[in-house]
Amino acid sequence: MKVKLRARDVYKVFGETPQDALERLKRGESKEQILEETGQVVGVQEASFDVEEAHIFVVMGLSGSGKSTLVRMLNGLIKPTAGEILVDEDDIATCSPEQLRNIRREKIAMVFQHFALFPHKTIAENVAYGLKIKGMGAAERRKKALVALDQVGLAAWADNYPGELSGGMQQRVGLARGLATDPQILLMDEPFSALDPLIRREMQEELLGLQKKLHKTIVFITHDLNEALILGDRIAIMKDGRFVQVGTAQEIVANPADDYVSAFVADIDRGRVFTAGHVANEPETVQLSAGADEALRIMEEMNRNALYVLDGEKIAGVVTYQDLSTAARDNGDSGTALADVLIADYPTAARQVQLYELYGLASSGLPIAVIDDKRLVGVVEPEAVFAQLSGEEQLIETAGGTETRAAS
Amino acid sequence: MLSPSDLLLIPFDDWVNTLVRDFLVPNFRPFFRALQVPVTAVLNGFDTFFQFVPMLVTTAAFTLIAWYTVSRGLALFTVLALVFIDMIGLWPQTMTTLSMIVTSVLFCTILGIPIGILAAGSNRLWAVTRPILDIMQTIPSFVYLVPIVMLFGVGMVPGIIATIIFALPPIIRLTNLGIRNVRGDLIEAAEAFGSTRWQMLWEVQFPLAIRTIMAGLNQTLMLSLSMVVIAALIGAGGLGLTVYTGLGRLDVGGATAGGVGIVLLAIILDRITQALGEQNGVRPVSLRQTLASLFRLRRPIADEAKKTGP
C-alpha cells in the first residue's frame with residue numbers, strides 16, 4: 001500500500017529561541033524542565049508516522065497533548081521547528097508559500113472542531129469555498145457543492161445560513177466543504193467532539209460509510225479513545241507531545257505500551273474493539289457421513305463440547321458432546337447417526353461482526369460458526385467471547401477444559 | 001522654591017516655530033498644496049451637485065433612503081427636518097456642509113480602512129499607529145488649525161483637512177478591531193483551503209468586520225459634523241459659518257438656526273449609517289448586501305413580517 005503522508009522526527013517548540021529548546025530536548029531534558037528554565041513550550045516532539053493511502057490514522061490524546069498542533073503542521077497552518085512532513089513527494093515544512101497553497105487547494109482539506117463555517121455565506125457558498133478560491137466558475141462550483149452536500153444529506157439546506165442549522169448539521173456541512181474540493185487527504189481536528197453523544201455516534205458511522213465509497217486518506221484527531229478505536233485503521237496515542245504507542249485498535253487494547261495507555265484502555269468497551277474473527281479458532285469439523293464414535297473422539301481430543309458437522313463443503317449443523325454420548329448410550333455402540341442429534345439451528349456470525357453483537361448468540365451455549373461466503377472459516381467458543389471481554393485470553397483454555405471434563 | 005525652570009528654560013515654542021515657519025513652510029508648501037488638489041476636486045464635485053439638484057429632489061432621495069434603510073418614522077422626520085431647514089432659509093448652507101462632510105468621510109474611509117486593515121495584520125504597525133491616533137483624538141483642534149493655515153492657507157479645503165485629522169481615528173480603530181475580532185478558526189479554515197491574503201481579506205475578514213467598520217464610519221461622520229463650526233474659523237463655509245458669524249455678531253437667532261440645522265442633519269445621517277451597520281441583526285451583512293440595501297426598493301423588515309404573517 002502506498003504511503004500518502006509521512007512525518008519524520010517532527011518537532012514543534014513555541015517560544016523565542018526554539019532551536020535552543022530543540023537541543024535541550026535532544027539532550028533528553030523533559031518538557032517541564034524546558035518550560036521552567038527557558039519559558040518555551042514544547043508542542044510536539046519526535047513525531048514520526050506514515051499514513052497509508054485510503055487509511056484512517058487516528059491521533060488520540062488529552063487536551064494539551066499536542067495533537068491539534070500536530071494536525072496543523074500537516075497542512076502548514078503551523079510551521080514545524082524541525083523535521084519533515086511529506087505529502088507524496090512534497091515537504092510541507094520547507095516548500096514555498098505558493099507550493100503550500102497549491103497543496104492546500106488540491107490535496108489537503110480540513111474539518112474543524114467548532115465547524116468554522118463562514119457565517120456570512122450560505123451553506124452552498126461555504127461548501128464551494130475551496131472551489132471558489134481555486135478560481136472555479138460560479139455555476140460549476142455550485143453544482144459540485146450540491147453534489148458534496150448531497151453526500152451528507154443536506155442538499156435541501158443549500159441556501160440557508162449556518163446559523164440556522166444544528167451542530168450536527170453544521171459539522172456535516174464542514175465535512176461536505178472538506179470533500180467538495182475532492183482532496184486526497186482529509187484532516188479532521190476533533191470534528192465530533194462538540195456534538196451530542198448520539199449525534200457523534202451517527203456521524204462516526206456516516207464517516208465510515210463515506211470512507212467506504214471515497215477512500216480518502218484521513219488523519220483524525222480525537223480525545224475519545226472509543227472514537228479512535230471505532231474509526232482508526234491505525235491509532236497513535238499522544239502524551240506530552242510524544243507518541244506513546246502506535247498500532248491497530250486491537251494491538252493497543254490487547255498490549256498497552258505503558259501504564260498511561262492501560263489506564264485509558266481499562267475504560268473502553270472491548271466488545272466494540274474485537275470482532276468474531278479475533279476470537280475464532282480454526283474450525284475442527286466432522287463429515288456428516290462419519291459415525292458418532294469419530295465425532296466423540298475428536299471432541300475429546302480437542303477438549304470441546306460441541307462440533308460442527310459438514311455435508312461436503314456445506315455446514316449441516318452442530319452436535320454437542322452431551323447429546324451424542326446420551327444417544328450413543330441409548331442406542332448402543334454402532335447405531336447412532338450424526339443426523340439424529342444434529343442441531344440445524346446453529347448460531348452464525350460474519351468475521352467482522354463485533355463481539356458485543358455476539359453476546360446473545362454466545363448465551364445459547366453452542367459454539368458460533370464464523371461464516372465467510374457461506375463457508376465455515378472459524379468457530380467462536382462462547383467462553384472465548386467473555387474471556388476476551390475480561391481481557392485475559394489465557395482463561396479460554398482452562399475454562400474450555402474444565403467444562404469438557406464436566407460434560408464427560 | 002527652586003524649580004527646574006530656574007536652571008533651564010526650554011524654548012519649545014521657538015523650536016516649533018522654527019520647524020513650521022522656517023523648515024516646513026518654505027520647503028514643503030508646494031507638497032501640501034498638491035495634497036489639496038484631490039480634496040478640492042471632490043469637494044467641488046459634491047458641492048456643485050448638491051447645489052444643483054433641486055431641494056425637493058434631494059429631500060425625496062433622503063426620505064426614500066431613510067425609509068428603506070431605517071423606518072417610516074425616520075422618513076417622516078427627514079421630510080419635516082429638511083423642509084424646516086429650507087423654510088428657515090439655510091438650504092444652500094446645509095448643502096455646503098453636507099458636501100464638506102461627505103468629502104471628509106470619503107477621504108477618511110479611503111485612508112482609514114486600508115490603514116486599519118494593515119494595522120490589524122501587524123502588531124508592530126499597530127503599536128506605532130495607536131499613539132498617533134491617541135494624539136489625534138486628544139489634541140485640541142485649535143492647536144493644529146494654525147499650522148494648517150500656514151501650510152494650506154485658508155478656505156474650505158483646509159477646513160476639510162482639519163476635519164479629516166479630527167475624524168479619522170475612529171474608522172482606523174474600528175477597522176483594526178473588526179478585522180482582529182474575526183474568529184481565529186475562520187481564518188484557519190480560509191487558510192487551510194489555500195486562500196491568498198487578498199482572498200482571505202475579501203472573502204472572510206472584511207465581510208465579517210463590516211458591522212464594526214460601519215460603526216467606525218458612523219463615528220467618523222459624527223465627528224466630522226462636530227468639526228463644521230471649528231472649520232469655519234479657518235474659512236470653511238456652510239452651516240458652521242452661519243453659527244460662527246452669529247457668534248461674532250452676538251446674533252443668537254442666527255447661531256441657533258445654524259445649530260439646529262447641524263443637529264437635524266446629524267440625526268438623519270446618524271440614523272441612516274447606524275442602520276446600514278446593523279441590518280438583519282441575526283447575521284453579519286456582506287459588503288455587497290450593505291450596498292445593495294441602499295438601492296433596494298423593499299424594506300427588509302417589512303419583508304420578514306410578510307413571511308411570518310398569515
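Buried means under 20% relative accessible area, exposed over 50%, and partly exposed in between (1.4 Å probe, protein chains only). This is a predicted model, in which local features need pLDDT of at least 70 and side-chain atom pairs count only at pLDDT 80 or more, while totals for chains, interfaces and linings use all residues. Residues are numbered from 1 along each chain as its sequence is written, chains are lettered from A and ligands numbered from 1 in the order in which they are written, and side-chain values use heavy atoms, with hydrogens and water left out.

**First selection: a link between chains**

Select A:Lys121 and B:Glu203, whose side chains meet in a salt bridge at 2.5 Å, N to O; the term stands for a side-chain nitrogen of Lys or Arg within 4 Å of a carboxyl oxygen of Asp or Glu. A:Lys121 lies in the loop between strand S6 (108-111) and helix H5 (123-127) of chain A, and B:Glu203 in helix H10 (residues 197-226) of chain B, so the pair joins two chains. Helices (H or I, at least four residues) and strands (E, at least two) are DSSP runs, numbered from the N terminus. A:Lys121 counts as buried at 7% relative accessibility, and B:Glu203 counts as buried at 11%.

**Next: chain A**

Select A:Glu202 and A:Arg172, which form a salt bridge with their closest N and O atoms 3.1 Å apart. A:Glu202 is in helix H9 (residues 197-214) and A:Arg172 in helix H8 (residues 167-180), so that the pair, 30 residues apart, links distant parts of the chain. A:Glu202 is partly exposed at 42%, whereas A:Arg172 is buried at 12%.
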